[in-house]
Amino acid sequence: MTSASAPLVSIRSLHKSYGPHIQVLKGLDIEMKPGERVVVIGPSGGGKSTLLRVMMGLEKIDSGSITFGGKPYISSANADAKTAINTDVRRSIGMVFQHYTLFPHLSVIQNLVLAPCKVRGEKKASATQRAQALLERFGLGGKANAFPAQLSGGQKQRVAIARALMLDPKLMLFDEVTSALDPELVAEVEQVILQLAEQNLPMMIVTHDMWFAKNIASRVIFCAGGVVVEDGPPEQVLGSPREERTRDFIDRVFHIKQ
Amino acid sequence: MSLDFSVLLRFQEALALGLWTTVKLTLICIVLGCSLGFLVGLSRTSPSAIVRGIASIYVEFFRGTPVLIQLFWIFFCLPLVLGVELSNLASGVIALTLYMGAITSETFRASLKSVGREQMDACIALGLPRRVQVTNVILPQAVLRAAPTLLSNCISLFKESALVSAVGMADLMFVGQNISNNTARPVEVLTIVALIYFAIAFPLTRAVTLVEGRILKKLAI
């Protein structure tokens, strides 16, 4: 490939299984350009969340490789080999999880400044200032000293996004971040992510919310059975899919919505 | 024979000294024992089978044998093995710390398990080094979750510490037995000694309930 923009992420032949019988990823190839917002959709158990967890360096892989910004990031020769993870590269990736995973014993502001202070050695005063600014921007200015248990699900998830952004990630991974929320709280979280999209922050999103997928994606990947079935612009994959399996899935999802 | 508690008035000072020894011994062993217990609890989740093995042997041994025998062993055998004479207090501290370490390690193991994989995922996603994961994320949560059980462990230790009287350490129990032998009034003396233990242990058991209610509810963990 000789395109002007070198890929940000390049996933090659990624295989991952849980135990000897459950193969989740069966040779995944994905290339992501800088500034792209990739939404991954597909049936449960199709490997979407596993893909994101692998990209965050949370899972061992069987074989395959991932490069990030041209640098080797994750690789493994075979299932018995150790998965090599470049932790320096990992620090430039941020992730938000379905269940918030805030630290319950720390206040909102402490949740935000922990990593910048401990990982990058940033001064507490400067980290606190940045954290406060970020909270204001996400409509959480008054919640700096609250504990996670005192927040609604939507507020918790916005805090979790702010916490990840404190490390200035070059890529954000969102793993079903609105799935655990009450329906009326979904919009406030999606608004925040749309805000980030306007700044061209590259992101990979796993979601079941097709409205959100349509609004945020610059590209949609339909993943099923551990492989990429269809990959293209949102109008194509969500609007008039070429693959039979994608069409079935989209039909069923929209049918449930009615 | 009628009960006469007035004999005890002469021994206030001796009882106070005995109580002080008991409290001192208990407090030292709580601090050392809980620290040991946390490290052992953490070791039992270690990826290394050898570390896990050593930790489990230690825990199972001290949980599965009578504290009294552990005490005798440390008081009489350890000096022979080490070739140094240990003071009463030192021996008592070693014995009860090892016992407390084994008991609390089980408490910590359960609470460490409940801190859960999602918190670890968050730590990794934020790039926190292992040292920070343990001291800033896992330890505080494990201690908070374990707090009610740990307090119960501490109350047990306070009462179990009476066993050191059997090896001649002048704690509250030992002083009580001496007074009872000298005055031939075992019922009165032991009743009062029991009341002193109760007066300290009971508010602590109330505190367990308070801690459970307040802290855990606020943090919802």
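Colleague: How do I read the crossing of H4(B) and H5(B), as left-handed or right-handed?

Modeller: The crossing of H4(B) and H5(B) is right-handed. A crossing is left-handed if the near helix is turned anticlockwise from the far one by less than a right angle, and right-handed if clockwise. This is a predicted model, in which local features need pLDDT of at least 70 and side-chain atom pairs count only at pLDDT 80 or more, while totals for chains, interfaces and linings use all residues. Residues are numbered from 1 along each chain as its sequence is written, and chains are lettered from A and ligands numbered from 1 in the order in which they are written.

Colleague: At what angle do H4(B) and H5(B) pack?

Modeller: Two packed helices are described by the angle between their axes and the distance between the axes. Here H4 (residues 88-125) and H5 (residues 130-160) of chain B pack at about 145°, their axes 8 Å apart. Axes are lines fitted to C-alpha atoms, for helices over the stretch in contact, and angles run from 0 to 180 degrees between N-to-C directions.

Colleague: Which residues of H4(B) meet H5(B)?

Modeller: Among them are B:Leu96, B:Phe108 and B:Cys123 in H4(B); the residues on the H5(B) side include B:Gln133, B:Arg145 and B:Leu157. Residues are in contact if their C-beta atoms, placed from the backbone, lie within 7 Å.

Colleague: How many helices and strands does chain B have?

Modeller: Chain B has 7 helices and 0 strands; helices (H or I, at least four residues) and strands (E, at least two) are DSSP runs numbered from the N terminus. Its C-alpha trace spans about 75 × 45 × 25 Å along its principal axes. Of the 221 residues in chain B, 31% are buried, meaning that 20 or more other C-beta atoms lie within 10 Å of the residue's own. The unreviewed UniProt entry places "domain: ABC transmembrane type-1" at residues 19-208 of chain B; that span is 85% helix and 0% strand.

Colleague: What is the strand order of the open sheet in chain A?

Modeller: The order is S7-S8-S9-S3-S10-S11, 6 strands with mixed pairing. S7 and S11 (227-232) are the edge strands, each pairing on one side only. Two strands pair if DSSP finds at least two bridges between them. The twist averages 20° from one strand to the next.

Colleague: In which direction does S8(A) run relative to S7(A)?

Modeller: S7(A) and S8(A) run parallel, joined by 4 bridges, and A:Ile93 has A:Leu171 as its bridge partner in S8(A). S8(A) also runs parallel to S9 (residues 203-206) of chain A, again with 4 bridges. By contrast, S10 (residues 219-224) and S11(A) run antiparallel, with 5 bridges.

Colleague: How many residues of S8(A) are buried?

Modeller: Buried residues number 5 of its 5. A:Leu171, A:Leu173 and A:Asp175 lie on one side, A:Met172 and A:Phe174 on the other.

Colleague: How many residues does each chain give to the contact between A and B?

Modeller: Chain A gives 20 residues and chain B gives 19. On the side of chain A, strand S7 (93-96) and helix H3 (108-119) are the elements that give two or more residues, and H3(A) gives the most, with 4. That side divides into 12 nonpolar, 5 polar and 3 charged residues. Ala, Val, Leu, Ile, Met, Phe, Trp, Tyr, Cys and Pro count as nonpolar, Asp, Glu, Lys and Arg as charged, and the others, Gly among them, as polar.

Terms used: UniProt positions renumbered as here; feature names shortened; annotations may be inferred. Contact = placed C-beta atoms within 7 Å. Buried ≥ 20, exposed ≤ 12 C-beta atoms within 10 Å, placed from the backbone.
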